[in-house]
Amino acid sequence: MLAAAAVCPCPPLLQPQVAAGAAAELAALRESCAAALDTLAEARPDRLVVLGPGAGEDRTPYPSGAPGSFRGFGAAVDVVLGSPAPAPGAAPLPASLAVGAWLLADHGWAACPVEGLAVGTGCPPGRCAELGAELAAGPARTALLVLGDGSACRTVKAPGYLDERAAPFDALAAEALGAADTAALAGLDPVLAEEVGAAGRAPWQVLAGAAAGAGLAGKLLYDEAPYGVGYFVAAWS
C-alpha cells in the first residue's frame, strides 16, 4: 500500500556545490524538499522507492548502495542511494536519482530501506499506471520520493526557449500535484509533455497509478520557475 509520497524537482542545481553562486536562490526550494521528506518519515514506511526520469520507455531498478555523482556537473560530490557505502557492481544512478540520493543524505534519512527506480521519459501513460500499481501492491507500507521537473520552456532564457503552452501545462500539473488528483496526473498528455520538456510526466503518472484508491491528501509546497523550468514540491499523506 502507498503510505505517503513526496514530489520534488531534480535539477543538479539543488546540490549547493553545483549551484555555486546561485545556491542562495534555491534555498527556499531545498527547504520545501526537506519538508516533503519530513512527511515521508512521519508516515513510518517499511520501504522508500526513489522514483525519477531515466532513458528509454520502461523502468530500470537500482538497489540500495547504487552510486551517483555530480562530477559531470562540475562538483566533486559523490552520493550513494540509501546506504553509507556503495554496493559492489551496482550501476551508477542517473542524474535524477543522484539528486534524490543527495536529498535523502542531506535530510539524514534513516526511516526505512531505500531502493531506486528510473522510469523512461518515453514510458506510455498506461505502462506508468501499471508500474505504479506494482509499487503499491502488497501489505508493506511504501513511500515514494518522486523526482521530476515541469516544463523547460517558460521563458526565452529557459533551456527550451519560450513555448506558450508551457505555463498552462505547468499550472495543470501543479494543481494536480497539490490536490493529489491522480486522474488529472494520469491524463497529462505525453506528447505535449515531451514538446515542452517536462521530464516529470512519467514519474508523476507512476505516482498516480500507485496512489489510485489510496485516499491520500496533497499539499503543494513550492511552485516556481526560477530558470524558466517548472519546479514543484508536494507532499501526499
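Trainee: Which residues is A217 in contact with, leaving aside its neighbours within four places in sequence?

Mentor: This is a predicted model, in which local features need pLDDT of at least 70, side-chain atom pairs count only at pLDDT 80 or more, and totals for chains, interfaces and linings use all residues. Residues are numbered from 1 along each chain as its sequence is written, and side-chain values use heavy atoms, with hydrogens and water left out. Contact means heavy atoms within 4.5 Å. With neighbours within four places in sequence set aside, A217 is in contact with A180, A235, W236 and S237.

Trainee: Is A217 buried, partly exposed or exposed?

Mentor: A217 sits in the loop between α8 and β8; helices (H or I, at least four residues) and strands (E, at least two) are DSSP runs, numbered from the N terminus. Buried means under 20% relative accessible area, exposed over 50%, and partly exposed in between (1.4 Å probe, protein chains only). The relative accessible area of A217 is 48%, so A217 is partly exposed.

Trainee: How far apart in space are A217 and A4, C-alpha to C-alpha?

Mentor: In sequence, A217 and A4 are 213 residues apart. In space, their C-alpha to C-alpha distance is 9.2 Å.

Trainee: How far apart are the end C-alpha atoms of helix α5?

Mentor: The expected span of a helix is 1.5 Å times one less than its number of residues. Helix α5 (residues 166–179) has 14 residues, so it should span 20 Å. The model agrees, because the end C-alpha atoms of α5 are apart by 20 Å.

Trainee: What covers the buried residues of α5?

Mentor: The buried residues of α5 are A166, F169, D170, A173, A174, A176, L177 and G178. Their cover includes β1 (2–8), α6 (182–186), α7 (190–195), α8 (201–211), β8 (218–224) and β9 (231–236).

Trainee: At what angle do helix α2 and helix α3 pack?

Mentor: Axes are lines fitted to C-alpha atoms, for helices over the stretch in contact, and angles run from 0 to 180 degrees between N-to-C directions. The axes of α2 (residues 27–42) and α3 (residues 95–107) are 10 Å apart, and the angle is about 75°. Angles under 35 degrees count as roughly parallel, over 145 as roughly antiparallel, 65 to 115 as roughly perpendicular and the rest as oblique. This is why α2 is, relative to α3, roughly perpendicular.

Trainee: How many nonpolar, polar and charged residues does the contact of α2 with α3 have?

Mentor: From α2 come R30, C33, A34, L37 and D38, and from α3 come W102, L103, L104 and H107. Ala, Val, Leu, Ile, Met, Phe, Trp, Tyr, Cys and Pro count as nonpolar, Asp, Glu, Lys and Arg as charged, and the others, Gly among them, as polar. By class, the contact of α2 with α3 has 6 nonpolar, 1 polar and 2 charged residues.

Trainee: Is S96 buried or exposed?

Mentor: S96 lies in helix α3. Beyond four places in sequence, S96 is in contact with C10, G52, P53 and L147. Its relative accessibility is 6%, so S96 counts as buried.

Trainee: Is L81 buried or exposed?

Mentor: L81 is in the loop between β5 (78–80) and α3. Since its relative accessible area is 0%, L81 is buried.

Trainee: Is R44 buried or exposed?

Mentor: R44 lies in the loop between α2 and β2. R44 has a positive phi of about 50°, although it is not a glycine. Its relative accessible area is 69%, so R44 is exposed.
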